[in-house]
Amino acid sequence: PQTDTVLSINNIEVVYDEVILVLRGVTLEVPRGQIVSLLGANGAGKSTTLKAISGLLLTERGEITRGSVSLNGEAITNHPAEDIVRKGVFQVMEGRRLVEDMTVVENLRLGAHTRKDRGAINQDIEQVFEYFPRLAERAKGLAGYLSGGEQQMLAIGRALMARPSVLLLDEPSMGLSPMLVREVFGIIERINREQGLTMLLVEQNANWALHLCSYGYIMENGKVVLDGTREELLNNEDVKESYLGGG
Ligand code: ATP
């Protein structure tokens, strides 16, 4: 395999409830320090692909029934979610999953609950506040009262507090105004550039995702139908027509 592939998925098949075949042989690779995007219509299997990596699949009666997932060359196929989190792979869920009756700071501290380095934890909170000044303004406010965009920021911030080695982002633009989409994607790009954090980004917003990533995959019906570098995909006629709003 390539020397610096962090995450690789090799021809996986995923079944829910033992009978519903959702992924029909998906293969993809995420190189260290890069943003890879995974695009496709509703129901194509993008979220399922992320859950197959993070282990969350198992909590939804799903299973990888063929193929393998590996992290730094080590097989993690069907490993439980807590093991995968311990290895540094974090999924920021669609719908955010914050603790709504806890404050912004408390939610950030929750993200760091496995860490013991108090000083560094406080520094990381300051770093999250620097990325997302809106969260700093609402530090003592309850997460449940944040706007959708602020909740998305907090979900990303909370994942960063765990000092992940890989971040799996499920539709960070969902439900956000165009201005907030720009802001959130700007920060994602900055985190990748400054921290070298590896990311796999699932998006409906193909335009943004393609501009951010170095490499992309397009899924349809449980399969990868096209993949290529950012430039290849941005210049591809089918991509332009189907995903970028016409040539
Ligand atoms: P979306 O953007 O709508 O989330 P997606 O590309 O992420 O789309 P998935 O959420 O992975 O697609 O869903 C792929 C298929 O798997 C869909 O047909 C969906 O109904 C089915 N599916 C997803 N989760 C489950 C589940 N827990 N049990 C059964 N079927 C499921």
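The points that follow take up the sheet, its hairpin, the helix across it, a second hairpin and a helix pair.

1. The model under discussion is a predicted one. The remarks below should be read on that basis.

2. Four strands make up an open sheet, in which the order is β2-β1-β4-β5 and the pairing is antiparallel. The edge positions are taken by β2 and β5 (residues 74-75), each of which has a single partner strand, so one side of each lacks a neighbour in the sheet. Strands of a sheet pair through backbone hydrogen bonds, in either a parallel or an antiparallel manner.

3. Within this sheet, strand β1 (residues 5-16) and strand β2 (residues 20-31) run antiparallel and are joined by nine bridges. One of the pairings sets V15 against L21, its bridge partner in β2. On its other pairing, β1 is joined to strand β4 (residues 62-71) by eight bridges, and these two strands also run antiparallel. Here N10 stands opposite S68 of β4.

4. The hairpin of β1 and β2 has three residues between its strands. In this hairpin D17 adopts a positive phi, near 50°.

5. Helix α1 (residues 46-54) lies across β1, β2 and β4. The direction of α1 is at about 115° to that of β1.

6. A further hairpin is formed by β9 and β10. Strand β9 (residues 215-220) and strand β10 (residues 223-229) run antiparallel, with six bridges between them. I218 has L226 of β10 as its bridge partner. Two residues lie between the strands of this hairpin, and N221 takes a positive phi near 50°.

7. How do the axes of helices α3 and α4 cross? The axes of α3 (residues 104-111) and α4 (residues 118-131) come within 11 Å and cross at roughly 125°. Angles of 65 to 115 degrees count as roughly perpendicular and those over 145 as roughly antiparallel, so α3 is classed as oblique to α4. The crossing of the two helices is right-handed.

8. Which residues make the contact between α3 and α4? On the α3 side they are V104, V105, L108 and R109. On the α4 side they are I121, N122, I125, V128 and F129. By class, the residues of this contact comprise seven nonpolar, one polar and one charged.

Key: Residues numbered from 1 in each chain as written. Predicted model: local features only at pLDDT ≥ 70, side-chain atom pairs only at ≥ 80, totals over all residues. Heavy atoms only, no water. Axes fitted to C-alpha atoms, helices over the stretch in contact; angles between N-to-C directions. Parallel < 35°, antiparallel > 145°, perpendicular 65-115°, else oblique. Left-handed = near helix turned anticlockwise from the far one by under 90°. Contact = heavy atoms within 4.5 Å. Nonpolar A, V, L, I, M, F, W, Y, C, P; charged D, E, K, R; others polar. Pairing = 2+ DSSP bridges.
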